[in-house]
Each structure stands twice: as structure tokens, then as C-alpha cells.
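Please keep the sequence and the structure in view while reading.

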Amino acid sequence: MLRGARGREPADLAALSHLVRAVGDLLAAVPEISELDLNPVLCGRDGCVAADWRIVVQNRPSQDEECAEDSP
């Protein structure tokens, strides 16, 4: 389908690659993200877009809480 199907033009694979990389960069930069859903991702000859998305963020324990967990 990405290469074109049923008479449609191929998708912009460079834009799709950029989108996937941006998502990976976001996940690496924000470790509090526990879930990320992009659905659907629409790709055409002129680019890609996530039509709907959902991000679930979990709070990391504060430094005081981490120290308390390490204490005997």
C-alpha cells in the first residue's frame, strides 16, 4: 500500500520515516511516557499526519521517594 495500490500514488516514505523517528526521539526524551498510540497515520504523496493520537504519562517518583525506597 505504501508503494501505491489500486491506482493510488505511493506514500511519501521520507515523511513517514521522519514521523517514526520523531516518535522515537520523543519516547527517548520523555521516559515518563508509558503508552503512545497514533491511529490512524495517513500517508499520501505529499506527507504523513497522525489523524488521532493518545499519550499516557506516568509520574516518576520524586527524588525523596526514590531515597526512601532505597533505605533499609
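## Burial and surface

Of the 72 residues of the protein chain, 8% count as buried. Here, buried means a relative accessible area under 20%, exposed means over 50%, and partly exposed lies in between, with a 1.4 Å probe and protein chains only. The protein chain exposes about 6100 Å², and carbon and sulfur atoms supply 50% of that area. Accessible areas come from the Shrake-Rupley method with a 1.4 Å probe, and for residues only the protein chains shown count as cover.

The model is predicted: local features need pLDDT of at least 70, side-chain atom pairs count only at pLDDT 80 or more, and totals for chains, interfaces and linings use all residues. Residues are numbered from 1 along each chain as its sequence is written, and side-chain values use heavy atoms, with hydrogens and water left out.

## Overall arrangement

The protein chain contains 2 helices and 4 strands. Helices (H or I, at least four residues) and strands (E, at least two) are DSSP runs, numbered from the N terminus. In sequence order, the pattern is α-β-β-β-β-α.

Contact is defined as heavy atoms within 4.5 Å. Among the contacts in the protein chain with a separation of 6 or more, 39% are between residues 24 or more positions apart.

## Helix 1

How far apart are the end C-alpha atoms of helix 1? The distance is 24 Å, which agrees with the 24 Å that its 17 residues (residues 13–29) should span at 1.5 Å a residue. The expected span is 1.5 Å times one less than the number of residues in the helix. At the start of helix 1, a side-chain oxygen of Asp-12 comes within 3.3 Å of the backbone nitrogen of Ala-14.

Leu-16, Leu-19 and Val-23 are buried in helix 1. Seen down the axis of helix 1, its buried residues fall within an arc of 60°, so they line one face of the helix. This arc is that of the directions from the helix axis to the C-beta atoms. The buried residues of helix 1 pack against strand 1 (33–38), strand 2 (41–44) and strand 3 (47–50). On the other side of helix 1, the exposed residues are Ala-14, His-18, Arg-21, Ala-28 and Ala-29.

## The disulfide

How many disulfides does a search of the whole structure find? The search finds 1 disulfide, the term being used for a pair of cysteine sulfur atoms within 2.5 Å. Cys-43 and Cys-48 form this link, with their sulfur atoms 2.5 Å apart. The link of Cys-43 and Cys-48 is right-handed, with 115° about the S-S bond. Cys-43 is partly exposed at a relative accessible area of 29%, and Cys-48 is partly exposed at 21%.

## Two strand residues

Gly-44 lies in strand 2 and is partly exposed, with 26% relative accessibility. Its C-alpha atom is 9.3 Å from that of Ala-15, although Gly-44 and Ala-15 are 29 residues apart in sequence. Leaving aside neighbours within four places in sequence, Gly-44 is in contact with Pro-10, Ala-11 and Asp-12.

Leu-36 belongs to strand 1 and is partly exposed, with a relative accessible area of 27%. The C-alpha atoms of Leu-36 and Trp-53 are separated by 7.4 Å, while the two residues are 17 residues apart along the chain. Leaving aside neighbours within four places in sequence, the contacts of Leu-36 are with Val-23, Leu-26, Leu-27, Arg-54 and Ile-55.

Conventions
Polar contact = N/O pair within 3.5 Å; in protein donor to acceptor, adjacent residues only side chain to side chain.
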